Amino acid sequence: MTGQAIEQEKPRKCCNPVTAVLDIFGAVGASILNMLAAIGRLCGFISRAVMHCFTPPFFPSQLARQLIDIGYYSLPVVGMTALFTGMVLALQSYTGFTRFNAEGAIAGVVVLSITRELSPVLAGLMVAGRVGAAIAAEIGTMRVTEQIDALRTLSVNPFKYLIAPRVIAATLTLPILVLIGDIIGVYGGYIVSIYSLGFSPAGYLSQTWDTVTQIDVVSGLWKAGAFGFIVSIMGCYHGFNSARGAQGVGAATTNAVVSSSILILIFNYLITQIFFS
Amino acid sequence: MSAQDTDIMLDLKGVSKAFGSNKVLNDLHLSVPKGKSMVVIGGSGTGKSVMLKCVLGLLQPDQGSILIDGQDGIGADAKTRGEMMKKFGMLFQGGALFDSLKIWENVSFGLVHGQGMAKKEAKEIAIEKIIAVGLKPQVAELYPAELSGGMQKRVGLARAVATKPEIIFFDEPTTGLDPIMADVINDLIVEQVKGLGATALSITHDMASARKIADYVAMIYEGRIIWTGPVSDLDHSGNEYVDQFIHGRADGPITRRVV
């Protein structure tokens, strides 16, 4: 009898347009509340991480290890990316610009594109893939194997030992990587222009030097610092809050890379707006 | 508790903890006398690990108080909590050794980073502790991944006692070990705890381990302590839940509900 009563009630509830609309609003509202809660948790995590970057005790050996892991070992990836990006840029610009007899602008286009946009964004994305994933996987594994709990029982704050060194290292090293990427990227354009397209070395370098200004390089370095912070904080956040098991660590790694990549693109626009609007 | 065990090191009063609608700890009371070893037995999912995490400050209970040597650990400020943590040593179920550090660095971690001891001095103590748990000093230079499960437990024990803690916690210390290695670990636990004069709180469902390392035994069921007494009373507790558990019988008041 009870089962029948429930079956009779269901269609009535379903067909009521007011209830249906309220259900939709309820679902949307719940999603918004969940999203706001997630943003709140992330902001809380970021503020704690930043606070621990500036308050003792510090772990210099951990910082040194992260500087090498994040900075030094990312150099080949960033260098290769910058080199081939510069080469392709010169080649594509030449193909397009010859239609308008504007070949002379190639050096300027290469250096501005590399320093302002391509070097910081591509370096950020490459580091997000290499470093962000590694940070999330390492900290996530430490979470599921109770190593983070072990840190606490040994009177060591995990934020100071795990999070702060990674955030500081990534924020400091990415601008250096991008600066090196700038030089390699411009050199990539130079190689193609000189050895493939027949430009004169002196003319190419002179035009590069005349086009680039301090703000072009500085804006790229500011972007790099912001991207380094984003990559490390998202890797740490997702790893630190990883769910149990291999699936949890896998999801944390994926989320770290996806969220940091999206945030890099968003902040790239915002920082560009600040510098060049 | 016997008459001479009135000095309580660890006192849990009315501790409750729920995860959503799942009430894991339900008005739990437990007292551990100073210098004694209390073993909490109970089946999987009865709240043993949650209780331990609440005592360690890794989880915040919803209600109740946890007195550690007379000081309330719940709601204590970071500095007080930090001082309390310095009294603790912990052997985790899976060892929880730091993968990226050598064995001696793992053992000396609390000394170097928790107490600010110089690395050279801490390494000497770490090697002493490594030898004390029956490992060769050469092990000190290896990484955790190069050790067997039993060796990792020994290193975990060495790390737990390296800082000479006043209270040592053992989370399923013999799980996953063969019976002989389990007995070796039990002997080492007794030796190290008695040697330090520390208070110990262990959780396990291995009865051989409980009988070996316990002065007192408590049984947890559905988030509350349903029996506690000296280990010598375990076989005649007069509690049907305890009887069923220690004899490992499927039939009895403890039922395995399939949800």
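Two strands pair if DSSP finds at least two bridges between them. Helices (H or I, at least four residues) and strands (E, at least two) are DSSP runs, numbered from the N terminus. The views below show a predicted model, in which local features need pLDDT of at least 70, side-chain atom pairs count only at pLDDT 80 or more, and totals for chains, interfaces and linings use all residues. Residues are numbered from 1 along each chain as its sequence is written, while chains are lettered from A and ligands numbered from 1 in the order in which they are written.

**View 1. An open sheet of four strands in chain B, in the order E2-E1-E4-E5.** The pairing in this sheet is antiparallel. Strand E2 (22-33) and strand E5 (71-72) of chain B are the edge strands, since each pairs on one side only. Two bridges join strand E4 (residues 63-68) of chain B to E5(B), and Leu67(B) lies opposite Asp72(B) of E5(B).

**View 2. Helix H5 (residues 119-132) of chain B.** The 14 residues of this helix reach 20 Å from the first C-alpha to the last, close to the 20 Å expected at 1.5 Å a residue (the expected span is 1.5 Å times one less than the number of residues). Ala122(B), Ala126(B), Ile127(B), Lys129(B) and Ile130(B) are the buried residues of H5(B). They lie on the same side of H5(B) because they cover an arc of only 160 degrees around the axis, an arc taken from the directions from the helix axis to the C-beta atoms. On the other side of H5(B), Lys120(B) and Glu121(B) are exposed. A residue is buried if 20 or more other C-beta atoms lie within 10 Å of its own, exposed if 12 or fewer, and partly exposed in between, with C-beta atoms placed from the backbone. The cover over the buried residues includes helix H3 (103-107), H4 and helix H6 (149-162) of chain B.

**View 3. The side of chain B that touches chain A.** Here 15 residues of chain B are in contact (C-beta atoms, placed from the backbone, within 7 Å) with 10 residues of chain A. Helix H2 (78-85), strand E6 (88-91) and helix H4 (109-114) of chain B each supply at least two residues of this side. H4(B) gives the most, with four residues.

**View 4. Domain 1 and domain 2 of chain B.** The domain assignment, automatic or from a database, gives domain 1 (1-87 + 167-259) and domain 2 (94-164). Their centres, taken over C-alpha atoms, are separated by 25 Å.

Terms used: Contact = placed C-beta atoms within 7 Å.
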